[in-house]
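Trainee: I would like to learn how to read a structure with two chains. Can we go through one together?
Mentor: Gladly. Here it is.
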Amino acid sequence: MATNAAHVQAGLTSARNAGATRDALRAIAAWSVAGLVLLLVYRIDTQFARFWAFGLAFGLVLQRGRFCFASAFRDLFLLGHGRNMKGVLLGLAIASIGFAIVMARQVPFLDSGFLPPTANVLPVGMHTVLGALLFGVGMVVAGGCVSGSLYRMGEGYAASWVAFGGLMVGLLAARFNWNWWWETSISRSPLIWLPNSLGHAGALVVTLLALGAVFVAVLWIERRAGMVVPAARPADEMSNSVADDLRSLGRTVFVRGWPILIAGAALGGLNVLLFTSQEPWGFTGEVGRWSGELAAMLGATPPIPLGVGELPGCVFVPSDGSLANHMTFMVGGMWAGSFAGALGAGEFKLRFPAQPVRYVQSASGGVLMGYGSGIAMGCTIGAFFSSIPSLAINGWVFAVFLGVGAWIGTLIIRRIA
Amino acid sequence: MAKTLDVRGEICPYPMMRTVSELKKLTAGEQTLEVVTDHAPALDTIPTQAARLGFATAIEEVGGSEWRLVLTRKENAS
């Protein structure tokens with residue numbers, strides 16, 4: 001009997017190893033293609049190549065970490081679970097430190113009145129509030145924010161493709177309304193950069209303290225809801241050889257999910273590198289450009305957006321006739337990186353929603369996200385994950401109303417379970 | 001006899017939400033719920049939700065990006 005059990009176990013193990021080998025080969029193929037693209041693009045434009053590489057890295061970390069900003073907010077309200085939010089907070093803290101150092105070099109004399117040229121310091125006003133509310137509702141209803149949807153598109157979730165379509169529609173609508181928002185709110189709203197009133201170090205300290213306070217609040221929410229247990233893992237078999245040890249290590253890195261704090265720290269660190277290299281992470285402005293180009297092709301060219309030349313962040317990138325720019329490669333890289341990561345983990349699977357109502361949720365949630373990020377000039381990345389580290393008030397205002405919107409969103413999704 | 005909940009194809013956060021509501025519906029005599037999912041984030045959230053309701057979680061990799069979570073009522077559940 002014991003021998004039979006051992007045989008069965010050996011059979012399962014070798015089947016599992018065969019599957020892992022197949023996944024590894026597929027991943028190697030995908031990464032080779034990604035690397036080839038990198039080399040080819042490098043010859044055309046080194047900036048494009050750099051953004052492709054960053055995109056690959058962001059996409060991989062999002063996929064391996066199962067990192068979603070939408071669930072960071074939503075799970076706090078829905079499940080009393082703070083895992084993803086803790087990862088977000090660590091990423092914000094690391095990015096804030098890095099951004100503060102870079103910005104201190106960019107604007108050494110604070111009484112000059114200059115703002116750091118590429119940081120996401122955006123006008124804060126009603127457009128920020130409403131944009132964040134709409135985005136918060138939309139991201140929960142759609143089942144993921146923009147970065148979450150991008151990485152899940154790479155994993156094969158059909159619903160995320162639908163959400164992305166909705167996102168493009170919402171961004172287009174915001175583009176048609178942009179000039180009204182510019183005149184009514186955006187052009188009249190202040191840009192509040194904390195170092196101007198607190199100094200470089202003071203602004204960073206206040207930001208970190210505020211993030212720390214949020215962290216404590218998350219712990220309190222979790223305790224009130226009950227205990228917290230670590231994520232369970234499938235039972236590992238005995239490691240009997242060096243080969244087994246290596247396979248187990250391979251599984252930990254390439255198959256099992258990464259600890260959320262490592263993923264959050266990596267995203268924060270990558271954002272600092274990207275900011276140092278060029279500008280903070282963010283891509284809804286670029287996706288809005290795609291919407292505009294597509295609409296123009298169909299005969300409905302959106303009006304030229306006022307004021308965008310002076311604003312950083314994910315403002316609408318006006319069409320300049322070019323097919324692709326550096327941000328196009330960033331978004332493409334994110335798809336490719338999450339796709340390759342999913343292949344390696346055996347997590348690529350074409351997933352179609354079980355119920356038709358989910359398509360409606362994804363589409364309508366996407367539209368809300370698109371309109372919200374259009375008028376707020378960024379999504380959970382551009383207006384939040386890159387704005388708070390820019391030591392700008394707009395990031396905090398966006399965050400608060402994002403939370404309110406997410407809470408409203410949880411009320412809605414409970415009803416359509 | 002274990003009850004089974006198949007949430008494959010569900011978008012976030014329904015795998016977790018539906019698991020929680022099924023667990024709450026189990027009668028005192030039903031000790032086990034098996035959840036089949038293809039949604040990786042569920043592996044991170046379901047164990048805590050199950051523990052709060054008095055269930056221990058064991059995860060089996062079915063392959064092809066599918067997992068079976070076996071939630072068993074703990075002996076001295078409150």
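Trainee: How many helices and how many strands does chain A have?
Mentor: Start with the rule. Helices (H or I, at least four residues) and strands (E, at least two) are DSSP runs, numbered from the N terminus. Chain A has 15 helices and zero strands. A word on the source: this is a predicted model, where local features need pLDDT of at least 70, side-chain atom pairs count only at pLDDT 80 or more, and totals for chains, interfaces and linings use all residues. Residues are numbered from 1 along each chain as its sequence is written, while chains are lettered from A and ligands numbered from 1 in the order in which they are written.

Trainee: Why is chain A called as compact as a globular protein of that length?
Mentor: Compare two values. The radius of gyration is taken over C-alpha atoms, and the globule rule is 2.2 Å times the number of residues to the power 0.38. Chain A has a radius of gyration of 22 Å, close to the 22 Å from the globule rule for 417 residues, so it is as compact as a globular protein of that length. Along the principal axes, its C-alpha atoms fill a box of roughly 80 × 50 × 45 Å.

Trainee: What share of the residues in chain A is buried?
Mentor: Count neighbours. A residue is buried if 20 or more other C-beta atoms lie within 10 Å of its own, exposed if 12 or fewer, and partly exposed in between, with C-beta atoms placed from the backbone. In chain A, 51% of the 417 residues are buried.

Trainee: How do α2(A) and α6(A) cross?
Mentor: The axes of α2 (residues 46-65) and α6 (residues 146-155) of chain A come within 9 Å and cross at roughly 85°. Angles under 35 degrees count as roughly parallel, over 145 as roughly antiparallel, 65 to 115 as roughly perpendicular and the rest as oblique. That makes α2(A) roughly perpendicular to α6(A).

Trainee: Which residues make that contact?
Mentor: Two residues are in contact if their C-beta atoms, placed from the backbone, lie within 7 Å. Gly59(A), Leu62(A) and Gln63(A) come from α2(A). Ser147(A), Tyr151(A), Gly154(A) and Glu155(A) come from α6(A).

Trainee: Now chain B. What is the strand order in its sheet?
Mentor: Two strands pair if DSSP finds at least two bridges between them. The open sheet of four strands runs β1-β2-β4-β3, with mixed pairing. Its edge strands are β1 (3-6) and β3, each pairing on one side only.

Trainee: Which strands form a hairpin?
Mentor: β3(B) and β4(B) do, with five residues between them. Gly63(B) in the turn has a positive phi of about 95°. β3 (residues 55-61) and β4 (residues 67-73) of chain B are antiparallel over seven bridges. Ala56(B) stands opposite Thr72(B), and Glu61(B) has Trp67(B) as its bridge partner.

Trainee: What does β4(B) share with β2(B)?
Mentor: Six bridges, also in the antiparallel sense. Thr32(B) is a bridge partner of Thr72(B), and Val35(B) of Leu69(B).

Trainee: How many residues of chain B touch chain A?
Mentor: 28 residues of chain B are in contact with 33 residues of chain A. On the chain B side, α2(B) gives the most, with eight residues.

Definitions and conventions: Axes fitted to C-alpha atoms, helices over the stretch in contact; angles between N-to-C directions.
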